[in-house]
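This report describes the fold, the surface and the side-chain pairs of one protein. Please examine the sequence and the structure shown below before reading on.

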Amino acid sequence: MVLKPPENCQVLQANRDTNTIVDRSLVPAIIASKIRLVPYSGQPRMVCLRAEIIGCYHYEGVISYSVIQGDVKDTGYDGREESGILVGGIGQLCDGRYGIDEPFVKKYNEWVGWKNDTMGYGSSVEMTFEFDIVRNFTALYMHSNNDFRQGVQVFSHAKAYFSVGGEHFFPEPVSYTYPADTIMPEARNVTVKLHHRTGRFLKLQLFFANKWMMISEISFESGL
C-alpha cells in the first residue's frame, strides 16, 4: 500500500540511500521560532531522518504585518486572510528574498504586487508592521520593481506613521517622495530615512506612480 501525505502539504524529496546528502531550499523562506520535521515515506516501512536546518537570526524584530492581499499574491504569508486583508502573520515582504527584474515571471516570482484599478486600493496601499518592542527607527529599505515598460513603477510617495500601542498613530508622518524613473527599468533598493522616530507599530502608506506597484522585500534599521 502506498501512503499519501496529508492534503495541502509539500513533501521535500530526500535521499534514497543512507549516505547521500541532499540540500533543499525553502521557498518561500520560513520565519519561525520552532520548526517540526515529520519523516515521511510512501512505502509502509521504517523511516530514518538526520537533518540540519541552516538559517540566520531574524534581528529586525518584525512580529507580523497586515496588508490587503495583492493582485500578485503574498503566497508565503503564514497568518490569516479576513475580507481580503492579511492579518496576524508574516510572509514574502520580510523573508529576505529579493525578486528578479522580470515582475511577472511566476517560476521565480518573489514579488507582491497591487494594481491601482483594483477595487478597494484607491490611490495607495497601506501596510502595518508590528515589532517585538518599542524601537527607534532610522531607516526602512524596500526592494521595488520599476519595469515601466509593463506598467510597473516604484511608488511615487511614501508616508510612515508610528504608534506605541497600535491603536492611535502619531498624526505627523515621515514623508518621502521618490523621483520617477522612466529610463532604467531594473528593480532597485529604495531607502527611506525615518529620522529616529519611535514606536512598536509602523504604518506605511505607499502611493501609486503607475498601474502596478510591486515589492519583494521590506526591511528596517532600528535601535532599542
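Helices (H or I, at least four residues) and strands (E, at least two) are DSSP runs, numbered from the N terminus. The model is predicted: local features need pLDDT of at least 70, side-chain atom pairs count only at pLDDT 80 or more, and totals for chains, interfaces and linings use all residues. Residues are numbered from 1 along each chain as its sequence is written, and side-chain values use heavy atoms, with hydrogens and water left out.

## Overall fold

The protein has zero helices and nine strands. From the N terminus on, its elements follow the order β-β-β-β-β-β-β-β-β. A residue is called buried under 20% relative accessible area, exposed over 50%, and partly exposed in between (1.4 Å probe, protein chains only). Of the 224 residues, 37% count as buried.

A contact means heavy atoms within 4.5 Å. Among the contacts with a separation of 6 or more, 74% join residues 24 or more positions apart.

## The surface

Accessible areas come from the Shrake-Rupley method with a 1.4 Å probe, and for residues only the protein chains shown count as cover. The protein exposes about 14000 Å², of which carbon and sulfur atoms supply 52%.

Patches are made of residues with over 30% relative accessible area and no salt bridge; like charges are joined within 9 Å, and nonpolar side chains (Val, Leu, Ile, Met, Phe, Trp, Tyr) within 5 Å. One nonpolar patch on the surface is formed by Ile35, Leu37, Leu49 and Ile53, which together have about 380 Å² of accessible area. Leu37 is located in the segment before β1 (62-68) and is partly exposed, at 45% relative accessibility.

## Two residues with positive phi

Ser83 is a residue other than glycine with a positive phi, near 55°. It belongs to the loop between β2 (80-82) and β3 (85-89), and Ser83 is exposed, with a relative accessible area of 83%. His196, also not a glycine, has a positive phi near 60°. His196 is placed in strand β8 (residues 188-207) and counts as exposed at 53% relative accessibility.

Is Met213, in terms of relative accessibility, buried or exposed? Met213 counts as buried, at 2%, and lies in strand β9 (residues 212-223). Leaving aside neighbours within four places in sequence, the contacts of Met213 include Val112, Trp114, Phe155 and Phe207.

## Aromatic rings

A pair of aromatic rings is described by the distance of the centres and the angle of the planes. Rings of Phe, Tyr and Trp (its six-membered ring) pair if their centres lie within 6.5 Å; planes under 30 degrees apart count as stacked, over 60 as edge-to-face and the rest as tilted. By this rule the protein has ten aromatic pairs.

In one of them, Phe131 and Phe137 are arranged edge-to-face, with 4.8 Å centre to centre and 65° between the planes. Phe131 is buried, with a relative accessible area of 0%, and Phe137 is buried, also with a value of 0%. Phe155 and Tyr178 form a tilted pair, at 6.2 Å centre to centre and 55° between the planes. This pair links distant parts of the chain, 23 residues apart: Phe155 is in the loop between β5 (124-144) and β6 (157-163), and Tyr178 is in the loop between β7 (174-177) and β8. Both Phe155 and Tyr178 are buried.

One aromatic cluster consists of Tyr65, Tyr77, Phe129, Phe131, Phe137, Phe162 and Phe220.

## Charged side chains

A charge sits over a ring if NZ of Lys or CZ of Arg is within 6 Å of the ring centre and within 35 degrees of the ring normal. Lys203 lies over the face of Tyr161, 5.4 Å from the ring centre. The charged end of Lys203 also sits over the ring of Phe169, at 4.7 Å from its centre.

Side chains of opposite charge can pair when their charged atoms come close. A salt bridge is a side-chain nitrogen of Lys or Arg within 4 Å of a carboxyl oxygen of Asp or Glu. The count comes to six salt bridges, including those in the table.

| Salt bridge | N to O distance |
|---|---|
| Glu110 and Arg97 | 3.0 Å |
| Arg149 and Asp147 | 2.9 Å |
| Asp181 and Arg188 | 3.1 Å |

Glu110 is buried, with a relative accessible area of 7%, whereas Arg97 is partly exposed at 31%. Arg149 is exposed, with a relative accessible area of 62%, while Asp147 counts as buried at 4%. Asp181 is buried at 16% relative accessibility, and Arg188 is buried at 16%.
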